[in-house]
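Here's a short tour for anyone meeting this structure for the first time. Have a look at it, then read on.

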Amino acid sequence: MKYLIRQGRLVDPVGGIGGIMDILIEDGRVAVIGSDLNVPSAQVIEAKGLTICAGLVDMHVHLREPGFEYKETIASGAQAAAAGGFTAIACMPNTKPVIDCPEGVAFVREKAAQAMGAQVFPIAALSRGQQGQEVNDYEALKNAGAVALSDDGVPVQNANLLRDAMILAHRQGLTVLSHCEDADMVQNFAVNEGRVSRQLRIPGRPAIAEELQVMRDAMLAEETGAAVHICHISTAKSVAIVRRYKRKGVQITCETCPQYFTFSEEEILNQGSIARVNPPLRTGADVEGIIEGLKDGTIDAIATDHAPHTEEEKARPLTQAPSGMIGLETSLAATLTALYHTGEMNLSDILRKMTVNPACILRLPGKGRLAVGSDADLVLFDPNEEWVVDPTVFRSKARNTPFAGKVLKGRVKCTISGGKIIYQDK
Ligand SMILES: [Zn+2]
């Protein structure tokens with residue numbers, strides 16, 4: 001199938017090509033980028049008024065399969081991703097069983113190959129069963145197709161194990177993705193420690209619980225030379241630590257998620273359990289620090305940490321509901337609303353953090369860029385269209401979004417992966 005995308009505004013953070021362009025897609029690849037192309041044999045996609053960029057890459061999602069298919073499956077997650085403009089997503093291994101062996105990685109890849117939607121890349125567990133006691137066979141996991149290593153969801157408490165893991169991961173050319181929270185400090189508390197936890201008279205998760213481990217991991221990255229990526233950074237001080245270690249030349253990268261630059265802890269008072277997430281929503285000053293980190297390049301990537309739960313689970317009281325929120329179908333719009341339409345950042349700098357940067361951190365060849373000869377993975381979106389978030393129409397099985405009922409500006413119109421249309425807005 002040949003497609004000619006006409007008159008779209010191309011944004012390419014890598015090559016710097018910009019302006020109104022036509023793009024010809026042939027045999028799953030970008031064949032030509034130019035002006036006024038005329039290819040009678042191609043099916044035309046009119047893109048006037050739309051922005052075109054490389055398909056979005058989400059380096060941090062939870063697809064819940066195997067084990068929790070009632071929350072999400074690889075197939076439903078891949079479709080939700082496509083509807084959000086993503087053509088590549090990487091899924092965390094905290095499933096049941098945990099993805100910590102080659103057979104587990106193979107299972108995810110098989111399911112992913114059958115799914116209609118974004119391509120799914122498995123992340124394997126750092127430690128056996130995510131127990132934090134024993135490292136896995138990273139060579140075997142890499143050969144099976146794992147793209148990175150993480151115990152996300154169960155932060156690694158044992159610094160000695162983490163150090164060994166970094167050394168071994170470095171040898172295999174795998175990045176270590178780290179969920180930073182000190183388990184003794186955060187326990188299973190529901191919200192940030194601060195104004196809101198005091199008001200609700202419940203114990204909270206202090207910012208320092210995150211910052212201590214960000215510091216630990218930055219120092220370990222420096223000492224081991226391994227590529228270390230900090231997941232879902234949420235505090236201004238965490239940003240400052242990463243900034244300092246990057247300046248020293250340490251191979252450290254980090255991501256944040258739309259919830260951390262959109263909402264502060266006060267959102268808990270409005271939305272209760274729906275706003276419960278780990279790490280928790282923080283203070284207004286932290287939100288400012290996150291935006292500053294995005295603007296100055298300290299924060300490399302915007303991920304979703306898409307974490308599906310059922311309506312019953314999220315209807316439980318704040319202290320009993322599971323943590324996490326979904327994000328695949330709102331990520332681009334929420335990001336444009338918070339960062340682009342407010343004048344904080346330009347489109348190219350935003351899209352860099354949602355395409356090429358995460359693809360580079362995960363070392364996904366050919367992903368995250370739009371150039372002649374590259375995979376025809378791209379997204380067409382209207383940056384100015386306003387819409388009201390209605391979770392009942394989501395492709396995801398889950399509905400637990402803090403953006404429900406909110407007006408967002410920016411709408412995905414068409415997602416193309418490997419030259420095939422995987423999502424079209426009607
Ligand atoms: Zn996490």
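Helix α8 (residues 236–247) packs against helix α11 (residues 284–295) at an angle of about 30°, and their axes lie 7 Å apart. That makes α8 roughly parallel to α11, where roughly parallel covers angles under 35 degrees. The axes here are lines fitted to C-alpha atoms over the stretch in contact, and angles run from 0 to 180 degrees between N-to-C directions.

Which residues meet? From α8 it's A236, V239 and R243, and from α11 it's A285, D286, E288, G289, I290, E292 and G293. Being in contact means that the C-beta atoms, placed from the backbone, lie within 7 Å. The residues of this contact divide into four nonpolar, two polar and four charged.

D286 is buried, with 25 other C-beta atoms within 10 Å. (Buried takes 20 or more such neighbours, exposed 12 or fewer, and partly exposed is in between; C-beta atoms are placed from the backbone.) Leaving out residues up to four places away in sequence, D286 touches S234, T235 and A236. D286 and V239 sit 47 residues apart in sequence, yet their C-alpha atoms are 9.3 Å apart in space.

A word on where this comes from: it's a predicted model, in which local features need pLDDT of at least 70 and side-chain atom pairs count only at pLDDT 80 or more, while totals for chains, interfaces and linings use all residues. Residues are numbered from 1 along each chain as its sequence is written.

Now zoom out. The chain holds 15 helices and 18 strands. Its radius of gyration is 20 Å, close to the 22 Å that the globule rule gives for 426 residues, so the chain is as compact as a globular protein of that length. (The radius is taken over C-alpha atoms, and the rule is 2.2 Å times the number of residues to the power 0.38.) Of the 426 residues, 58% count as buried.

An automatic or database domain assignment divides the chain into domain 1 (3–51 + 375–424) and domain 2 (56–361). Their centres, taken over C-alpha atoms, are 26 Å apart. Across the boundary, 28 residues of domain 1 are in contact with 45 residues of domain 2. On the domain 1 side, β16 (378–388), β17 (407–417) and β18 (420–424) are the elements giving two or more residues, and β17 gives the most, with seven.

Is helix α1 (residues 74–83) mostly covered or mostly open? It's mostly covered, with 10 of its 10 residues buried. The cover includes β7 (86–91), α2 (102–114), β17 and β18. After α1 comes G85, whose phi is positive, near 90°.

| Bond | Omega |
|---|---|
| E65 to P66 | about 10° |
| K96 to P97 | near 0° |

P66 is in the loop between β6 and α1, and P97 is in the loop between β7 and α2.

Methods: Contact = placed C-beta atoms within 7 Å. Helix = DSSP H or I, 4+ residues; strand = E, 2+ residues; numbered from the N terminus. Parallel < 35°, antiparallel > 145°, perpendicular 65-115°, else oblique. Nonpolar A, V, L, I, M, F, W, Y, C, P; charged D, E, K, R; others polar.
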